[in-house]
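Trainee: I would like to learn how to read helices, packing and aromatic pairs in a model. Please take me through an example.

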Amino acid sequence: MFGESANKLILDSRRTNNLPEVSLYQTELIGDILREINDLDKDMEYLQQETEALMSQGEDNEANRKIIECQQFAARLTMIRNKRCLLAYERARANKIDEFCWLNVDPTNDLTSKTSISLSKNSSLGTNFTTSLSLDNLSHPEQEYYRQYQELLVDYKSKFSDIDLSGDLEPPTNIFIDVRVLKDGGEVQTEYGVFNLIKDSQFYVRKSDVERLIQQGYLEEL
Amino acid sequence: MEVDDILRDFEKSTQKDQDLYKSLTTAMLNERMAPELLPYQQSLLEDVLSKISSQQQFLLDSHEYGDINIDSGIITSDFKLQLMIIETDIERLNYLVRSYLRVRLSKIDKFSIHYIDMISTNRDSKLLSFEEQSYISRHFKLMTDLYNGSFLKKVPQDLAYLDTDSGISMIVKPEIDQLVFIKVNKGDIVLELEDDDELELIPGGIYIVKYSLVRRYVDIGDIELI
């Protein structure tokens, strides 16, 4: 049935919306939809010729013309609907990529070493916030988009050098916080000295110094 | 006499700072609660940003001063406390500005085509800052490239445009009839409701109304959103 693949696509994007990552790009489904659109376009052309043929024959067959008009109408509507579904799908994915860009976290490249980033418990971001991104799941144009959007953000942020625009959107309470290290990392240098990221150790540090590390999943706020 | 002058100066300057702080908070809250983008607070933001950078410079200098004199015993805990307070203050301002700018960007992204149309019809509008204008056009370009690269180049020519007028409009517009909570700052505002009803707003009162009814009062500051 016309429009069925588009329905599947919308279902998939609804599912993706609730995931913390961007799901695999539906190459096949999108190919199907594009094929459907182009098939319908050919149908339209054919129907157009039919009409012209009928006209040139000069016989005013009202019923026949109505049938053709109706077919054209249905085909046209399906094409438009398919296109809107494609746009919506891509838009939803782009939004998730944008969200991820704001986090300042490196994307994962291969699926095996994918690390899940646990958001700190007191975060009100909700469960469906994009926290990880695998470049393998993106289509080529999307990878390009991701790269360019990051550049755009860097440019925009550089206009406000004193403000950490990608920082926490929760109001700050203390400038110093207790953090626990969730995974091993290297040495971290702050204004107040150096500390080592060793799993399960705890530190009392300045929040703005470690904000990035919390977002990257190295630290957890206590 | 001299002391009085100094005190008066001090009061004046803190008063100004408090006003700055208050108007930034109001601007942030208004922006967060309003369904549509509000005009960019250019001068306010400039003031706040210069404030932040001067405070940060002061902090740096003080730290240096502290480091040099750390052995001589001049550095008291009061001095440290003072620095802490300034730092907390910077963090707070930082947060307010961040929220303000981020919420604007999220609206810009959501209604991008709507605002692009608006800018192109009204070039010198104060709605978006210069940075936001370049952001919106660049982001839109990226989106279009993405759509084109993904599928639009593969569909028949007459479908390959974003702005078709077939059927329902695809441009997402802000919902200006959304209900908002307001706090009234000045009196003598009478809202005209549907069915020839009227609602007189009392100063200091808190109401819940449709945004479209109060948007011009928000603009001039007689009403703030909460």
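The dialogue below goes through the chains, then helix packing, then the rings.

Mentor: First, the ground rules. This is a predicted model, in which local features need pLDDT of at least 70, side-chain atom pairs count only at pLDDT 80 or more, and totals for chains, interfaces and linings use all residues. Residues are numbered from 1 along each chain as its sequence is written, chains are lettered from A and ligands numbered from 1 in the order in which they are written, and side-chain values use heavy atoms, with hydrogens and water left out.

Trainee: How many helices and strands does chain A have?

Mentor: Helices (H or I, at least four residues) and strands (E, at least two) are DSSP runs, numbered from the N terminus. Chain A has 5 helices and 5 strands, in the order α-α-α-α-β-β-β-β-α-β. Chain B has 6 helices and 5 strands, and its order is α-α-α-α-α-β-β-β-β-α-β.

Trainee: What share of the residues of each chain counts as buried?

Mentor: Buried means under 20% relative accessible area, exposed over 50%, and partly exposed in between (1.4 Å probe, protein chains only). In chain A, 41% of the 222 residues count as buried; in chain B, 39% of 226 do.

Trainee: Which residues are buried in helix 5 of chain A, and what covers them?

Mentor: Helix 5 (residues 207-215) of chain A has Lys207(A), Val210(A), Glu211(A), Leu213(A), Ile214(A) and Gln215(A) buried. Their cover includes helix 3 and strand 1 (176-181) of chain A, where contact means heavy atoms within 4.5 Å. After this helix comes Gly217(A), with a positive phi near 90°.

Trainee: How is the packing of two helices described?

Mentor: Two packed helices are described by the angle between their axes and the distance between the axes. Axes are lines fitted to C-alpha atoms, for helices over the stretch in contact, and angles run from 0 to 180 degrees between N-to-C directions. Helix 3 of chain A and helix 4 of chain A cross at roughly 45°, their axes coming within 10 Å. That makes the two oblique; angles under 35 degrees count as roughly parallel, over 145 as roughly antiparallel, 65 to 115 as roughly perpendicular and the rest as oblique. Residues in this contact include Ala94(A) and Phe100(A) of helix 3 of chain A and Tyr146(A) and Leu153(A) of helix 4 of chain A.

Trainee: At what angle does helix 3 of chain A pack against helix 5 of chain B?

Mentor: The angle is about 130°, with the axes 11 Å apart. That makes helix 3 of chain A oblique to helix 5 of chain B. Leu87(A) and Arg91(A) are among the residues on one side, and Met143(B) and Tyr147(B) among those on the other.

Trainee: How is a pair of aromatic rings described?

Mentor: A pair of aromatic rings is described by the distance of the centres and the angle of the planes. Rings of Phe, Tyr and Trp (its six-membered ring) pair if their centres lie within 6.5 Å; planes under 30 degrees apart count as stacked, over 60 as edge-to-face and the rest as tilted. The whole structure has 8 aromatic pairs over all chains. Phe100(A) and Tyr146(A) make a tilted one, 6.2 Å centre to centre with 40° between the planes. Phe100(A) lies in helix 3 (residues 62-103) and Tyr146(A) in helix 4 (residues 140-158) of chain A, so the pair ties together parts 46 residues apart in sequence. Both Phe100(A) and Tyr146(A) are buried.
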